[in-house]
Amino acid sequence: KEKIEFTTEQQALMRVITDAYNKHQIPQDVTKKLLQDQYSTEENFLLLTEMATSQVQVLVEFTKNIPGFLSLDREDQIALLKGSAVEAMFLRSAQALNKKMPIGHTEVLEERIHKSGISEEFIKPMFNFYKSIGELHMVLEEQALLTTITILTPDRPYVKDQPAVERLQENVLDLLRKMCVLHHPQEPQYFARLLGRLTELRTLSHYHAEMLASWKVNNHKFTPLLCEIWDVQ
Ligand SMILES: O=C(Nc1ccccc1)[C@H](C1CCCCC1)n1c(-c2ccc(Cl)cc2)nc2cc(F)c(F)cc21
């Protein structure tokens, strides 16, 4: 049985990333609203654009806490944020859906998302992804590290100094690998499965602009920030 040791740097990194991740409150707001009422497709679209806009703002704050992120080239910081915002939102959505809830709440939530106005063709791939995240039963630290790894993806468009991003990402990957052995000792392949989800996440995120454009509403209005980050309008 492998004895897991964390260096002092890794312990500090884990604490900083987990604390920053815990500051996010949006997913609870979304699930609470969705469980409270059945909204029209217009109201759901507005809720999505509002939530997604604040999610981007929260993501910017989160990245400031990633050790070394602010030392990256300024334009590369923007490229990493722009390249990961949609994926981070879908990851948060998956975690929101898979949170432990009172009996029957998850079914209501799923039903309301099915009926939210999203076009049928995207329901299946989206819920497949949510289910595949749920099956992993990630602990909070793993969720926070996986989001960080998504942000620190070196091969995003327009990133100039990829090696600098790789160095930061490697530290987080090393830490995540240890956390996986610690929390899932019976599943030696768990870390690999976790990283495999990032491929599924990237594929799902390719559809996001189409998912929004095909939302069953007459007027697809976006905030300026979403137009910037989400390649819409
Ligand atoms: O807002 C959202 N997700 C969000 C989460 C975290 C942070 C920011 C946004 C939206 C809702 C969907 C129903 C209408 C209202 C918005 N949302 C999505 C979702 C996101 C983007 C596209 Cl293109 C399609 C679906 N999947 C969800 C799963 C959940 F358990 C869930 F609770 C909310 C979810």
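The largest cavity in this predicted model is lined by 28 residues. Val30, Leu48, Met89, Ser93 and Tyr130 lie nearest its centre. Its volume is about 560 Å³. The lining of the largest cavity is made up of 21 nonpolar, six polar and one charged residue. Helices H2, H3, H4, H5, H6 and H10 (208–213) each supply at least two residues of that lining.

The ligand sits in this largest cavity. The elements giving two or more residues to the shell around the ligand are H2 (26–36), H3 (41–64), H4 (74–97), H5 (105–114) and H6 (120–134). H4 gives the most, with six residues. By class, the shell holds 17 nonpolar, five polar and one charged residue.

Now look at the contacts. There are 23 residues around the ligand, and Thr31, Ser93, Leu97, Ile113 and Tyr130 come nearest. For Ser93, a polar side-chain atom lies 3.1 Å from a nitrogen atom of the ligand. For Tyr130, the distance from a polar side-chain atom to a nitrogen atom of the ligand is 2.7 Å. How much of the ligand does the protein bury? Taken alone, the ligand exposes 670 Å², and the protein buries 100% of that.

The count comes to two cavities of 30 Å³ or more. Leu34, Asp37, Gln38, Tyr39, Asn44 and Arg112 line the second largest cavity. These lining residues divide into two nonpolar, two polar and two charged.

Terms used
Residues are numbered from 1 along each chain as its sequence is written. This is a predicted model: local features need pLDDT of at least 70, side-chain atom pairs count only at pLDDT 80 or more; totals for chains, interfaces and linings use all residues. Side-chain values use heavy atoms; hydrogens and water are left out. A residue is near a molecule or strand if one of its heavy atoms lies within 4 Å of it. A polar contact is a pair of N or O atoms within 3.5 Å; within protein, one must be able to donate a hydrogen and the other to accept it, and residues adjacent in sequence count only if both atoms are side-chain atoms. Accessible areas come from the Shrake-Rupley method with a 1.4 Å probe; for residues, only the protein chains shown count as cover. On a 1 Å grid over the protein atoms alone, a cavity is a set of points where a 1.4 Å probe fits but cannot get out, and a pocket is an open set with protein on both sides within 12 Å along at least five of seven lines; lining residues have an atom within 4 Å of a point. A molecule sits in a cavity or pocket if more than half of its atoms lie within 2 Å of its grid points. Helices (H or I, at least four residues) and strands (E, at least two) are DSSP runs, numbered from the N terminus. Ala, Val, Leu, Ile, Met, Phe, Trp, Tyr, Cys and Pro count as nonpolar, Asp, Glu, Lys and Arg as charged, and the others, Gly among them, as polar. Grid points are joined across faces, edges and corners, and a volume is the space filled by probe spheres set on the points.
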